[in-house]
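Have the sequence and the 3D view open as you read.

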Amino acid sequence: MTMVTSGPGENQLTTLRSLLRGDEIITPDSPDYRPHIQTWASQKQLNPRLVVRPASVESLSKAIAYLYSSSLDFAIYGRGFMSASAKDVLVNTSSFDDFHFDRHSELVTIGAGQTWQEVYHKLQEAAPGFAIVGARTPCVGVAGAILNGGFSWLSGEYGCISDPANMLDAKVVKYDGSVVWASREPELLWALRGGGGGFGVVVQVVLRAFPYPQNIWAGPIMIPRQQLQLVAERIARFFSEPVDPKIGMFLYFVKKDLLASLGADSGMLVIHAFDAHGEAHGRASFQWALDIPGAVDRTKITTLAGVAELQSKMDTVKGSMKQFWAPLLLREISEKTIIKAIQWSEDIERLDKSLGDCTSLAFELLSSSDPAGSISSCAWPRPLGAKHILLLGTGCPSGDGPDKEKAARDLAIEAASKVLGEGAEVHYLPNGFEDFQDPRKIWGAHFDQLQALRRRYDPYSRFKASIDI
């Protein structure tokens with residue numbers, strides 16, 4: 001491939017526009033511009049000069065082939081926490097929103113540019129009684145979740161979204177515009193399973209569907225902050241014994257000023273329960289939480305789509321703050337870790353309220369299990385026996401200056417050692433990768449192979465990805 005380097009960038013943008021239809025181009029003066037470029041972290045927003053939103057694989061192929069050979073800075077837009085942006089051109093794949101369920105094979109083929117919330121609703125409509133392993137956060141995109149592992153309410157039982165048992169194939173537009181089903185290039189398919197991206201543009205994925213209970217007991221159990229010690233003790237005791245694989249749980253903290261409508265006089269710890277066996281089983285399993293003094297029961301019977309809806313407002317904060325992530329994968333959960341994590345967030349609040357307001361903390365318990373077969377079957381070799389996620393995030397308001405931004409970044413760098421202790425074993429997740437994390441440690445023994453595959457599928461290092469080449 002010959003790189004297009006002559007001519008100013010404006011000429012290259014004109015050429016790119018000539019390759020696409022008018023309705024596949026979004027300019028900064030369009031009302032559609034901002035929704036199609038919004039990053040999670042505001043400091044990563046580069047305000048691209050042009051957004052292209054191809055409506056077909058053929059259009060996307062032409063756009064990628066040209067962009068790759070040009071000198072334009074470009075990126076593939078994602079809906080998740082990693083906040084992809086570009087100075088010149090952002091490629092938005094949200095037009096790829098197709099959905100097909102094959103009842104005979106029990107496989108679902110879906111457009112990779114849509115959100116998981118869209119997928120859940122389409123699955124519920126097309127195949128009631130079936131489920132797929134899809135992301136817990138409904139506003140994140142399909143492709144990005146798979147490229148970075150992907151965790152589900154069902155991961156304790158079925159593993160990551162990207163595991164071979166769940167994600168069977170993907171259609172990819174490569175750097176030269178050629179299109180391939182990754183199963184025809186097994187190393188490419190392997191790299192897509194949690195390899196951090198940079199191997200082309202995923203436009204479709206094939207996922208396994210399976211019959212699954214539809215009367216799921218789920219929702220928040222809210223407990224006064226004063227009961228932290230008791231909550232921590234009971235959660236640790238709960239996990240000291242084997243837990244049914246159809247049970248999951250979040251734990252997070254909501255501040256008093258966000259609970260004014262409830263008349264709360266303190267912050268609340270929230271246990272977000274999930275039990276696919278139904279209400280009777282769920283109430284019995286979580287009786288230890290329901291019985292804590294002051295507990296407020298907001299659980300209900302719902303479907304997987306309904307469970308996703310419980311987190312549907314997460315994207316309302318998107319772009320409102322400068323954000324840094326430190327998501328951790330843990331083998332065990334202890335009383336001490338729970339207490340230290342809550343205290344960590346409260347210490348930041350005392351340090352600076354604006355930093356505290358932008359701090360995120362969530363225990364996503366029973367969120368992972370070992371992949372079926374060998375751990376080498378996935379590009380991301382998650383540590384064996386890891387079952388829980390501790391999501392730590394720091395930030396500051398978008399309008400704050402560099403000093404406050406640096407303070408937030410430093411807090412994220414220190415977060416793991418503050419919560420887990422100095423010298424603790426730390427396993428960062430790929431789905432919140434930041435430049436202060438070491439990709440060699442995240443991808444471990446697979447790093448060199450992934451780097452070699454990046455060179456094959458991105459020979460000029462034009463795609464943006466977690467693993468550099």
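This is a predicted model: local features need pLDDT of at least 70, side-chain atom pairs count only at pLDDT 80 or more; totals for chains, interfaces and linings use all residues.

**Cysteines**

- A disulfide would need the two sulfur atoms within 2.5 Å.
- Cys 396 is in no disulfide either, and its nearest cysteine sulfur, the one in Cys 358, is 6.4 Å off.
- Are these two residues buried or exposed? Cys 378 is buried, at a relative accessible area of 1%, and Cys 396 is buried too, at 0%.

- The structure has 19 aromatic pairs, and we'll pick out a couple of them.
- To describe a pair of aromatic rings, you give the distance of the centres and the angle of the planes.
- For Trp 217 and Phe 286, the ring centres are 5.8 Å apart and the planes meet at 45°, so this pair is tilted.
- Where do the two partners sit? Trp 217 is in strand β12 (residues 216-224), while Phe 286 is in the loop between α8 (279-285) and α9 (287-290). The two are 69 residues apart in sequence, so the pair ties together separate parts of the chain.
- Trp 217 is buried, with a relative accessible area of 0%, and Phe 286 is buried with a relative accessibility of 0%.

**Aromatic pairs: Phe 238 and Trp 288**

- Phe 238 and Trp 288 make another tilted pair, with 5.3 Å from centre to centre and 35° between the planes.
- Here, too, distant parts of the chain are linked: Phe 238 belongs to helix α7 (residues 228-238) and Trp 288 to helix α9, 50 residues apart.
- Phe 238 has a relative accessible area of 16% and Trp 288 has a relative accessibility of 14%. Buried means under 20%, so each of these values falls on the buried side.

**A ring cluster and a charge over a ring**

- Which residues do ring pairs join into a cluster? They are Tyr 68, Phe 74, Tyr 175, Tyr 460 and Phe 463.
- Finally, find Arg 136: its charged end sits over the ring of Trp 153, at 4.0 Å from the ring's centre.

Technical notes
Residues are numbered from 1 along each chain as its sequence is written. Side-chain values use heavy atoms; hydrogens and water are left out. Buried means under 20% relative accessible area, exposed over 50%, partly exposed in between (1.4 Å probe, protein chains only). Rings of Phe, Tyr and Trp (its six-membered ring) pair if their centres lie within 6.5 Å; planes under 30 degrees apart count as stacked, over 60 as edge-to-face and the rest as tilted. Helices (H or I, at least four residues) and strands (E, at least two) are DSSP runs, numbered from the N terminus. A charge sits over a ring if NZ of Lys or CZ of Arg is within 6 Å of the ring centre and within 35 degrees of the ring normal.
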